[in-house]
Amino acid sequence: MTQTDEFGEELADFVRRVAALKAARAIPTDDLPSVLDAAIFELDHVAGQLWPWYQRLSTSAGAAPAGSGDRQEQQLLKTLFQRLPVPVALVDRETVVRRLNFAAISFTGVRAGYATGRPLTGLLAHADRAAFRSQAAAVARGEGDRSMTVRLPQHPSVPVRATLVAVRPSGEPRTAVMVVLQPADTRVPAGEHTPPGGIPNLNLTEAARHAALMDLLDAMTTALLTAPAGAVLEQAARVLRGRFADWVVADAGDGRLTRTAVLGPPGEDVDALVAQDPAGCPLVIEAARGGSTVLRVRPEDPEAFGRDTSGAPVLVRANVTSLLCVPLTDGSTVRGVLTLFRSGARPAFSMAEAQAMDMMSRHMALALRAVG
């Protein structure tokens, strides 16, 4: 890779990180200092690194030699990495995960093979993602190791200390970043089980989900059979909000969609979502056109559900950790789209729950056709 190519990649990385920082402006005020620090880092990077680099490229170009290592030693290092008793991830400057050891898999709660090839920021709370990207990029540039406090969506009250260290894998031209994750506070929220390793275990709730889904199906059937004409979606939203989702957004119409109902957590202002045009929600349009349910866990794109009337990304404002976007199809026509958000420490939507919602959506569509 030539110096010119490397400079082009670095500049493209910078542009993407700036866009992420702009999108993060809607986070709560208490979380803004980390974003501001990240913005200062980026400005320093332009003044101290990119501009001098551009000046050097104007007069000369160079190439860095690539090294090579012993294969047996590399295999040993890989084994040691996997067996480390602390959660460790190896990422590139874009925070894309190259390796995740066994302890990190247990700590983050991701399934084996899920994280590899995806940005590590997808496992963090929205408010921490832009700052983490900037810090990881700074470490990869050789500006020194550092650490920061982040939070995982499933445990927002438990801070996690992320330590970022630059490493240069043998035989590779680019610097990678090793991320070590450790609980910054050993206290665990009440009601959660902690196994011997000290990592909260959320799998205990899985056993009760099947029974809860059966109760939900029964409640939904009753609501659809007793709903007044013209209030099918409102009745369905009331059944789902609270017991199944934190937010329920209903859009109706077999052509142009219109916002029909928005229910959110107690005390939350829903007016900004009520006034939002469904045509500005990429996920809603995708579900309506494709006719199939869209499931997102830790959605990476903060603008996947568009922006509210204040200009803030909806997924950031609502602290969405997982979502379901379900088209209401009666077999041939999409009569609306129902979107469900979960936020905070609530477990993410599962495939079983998505399938249950797909079944309920067909019943809702039939009810809408009957009153239409």
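Predicted model: local features only at pLDDT ≥ 70, side-chain atom pairs only at ≥ 80, totals over all residues.
**View 1. An open sheet is built from 5 strands.** The strands follow the order E2-E1-E5-E4-E3, with antiparallel pairing. Strand E2 (97–100) and strand E3 (146–152) each have a single partner, so one side of each lacks a neighbour in the sheet. From one strand to the next, the twist averages 30°.

**View 2. Strands E4 and E5 run antiparallel.**

**View 3. Phe244 and Phe349 form a tilted pair.** Their ring centres are 5.5 Å apart and their planes stand at 45°, which is why the pair counts as tilted. Phe244 is in the loop between helix H7 (232–240) and strand E6 (247–252), while Phe349 is in the loop between strand E10 (334–343) and helix H11 (351–371). The two residues are 105 residues apart. Phe244 is buried at 3% relative accessibility, and Phe349 is buried at 4%. Over the ring of Phe244 sits the charged end of Arg342, 5.1 Å from the ring centre.

View 4. Phe305 lies in the loop between strand E8 (294–297) and helix H10 (314–317), and Phe341 lies in strand E10, so the pair ties together parts 36 residues apart in sequence. Phe305 is buried, with a relative accessible area of 0%, and Phe341 is buried, also at 0%.

Definitions and conventions
Residues numbered from 1 in each chain as written. Heavy atoms only, no water. Pairing = 2+ DSSP bridges. Helix = DSSP H or I, 4+ residues; strand = E, 2+ residues; numbered from the N terminus. Axes fitted to C-alpha atoms, helices over the stretch in contact; angles between N-to-C directions. Phe/Tyr/Trp six-rings, centres within 6.5 Å; stacked < 30°, edge-to-face > 60°. Buried < 20%, exposed > 50% of the residue type's maximum accessible area, 1.4 Å probe, protein only. Lys NZ or Arg CZ within 6 Å of the ring centre and 35° of its normal.
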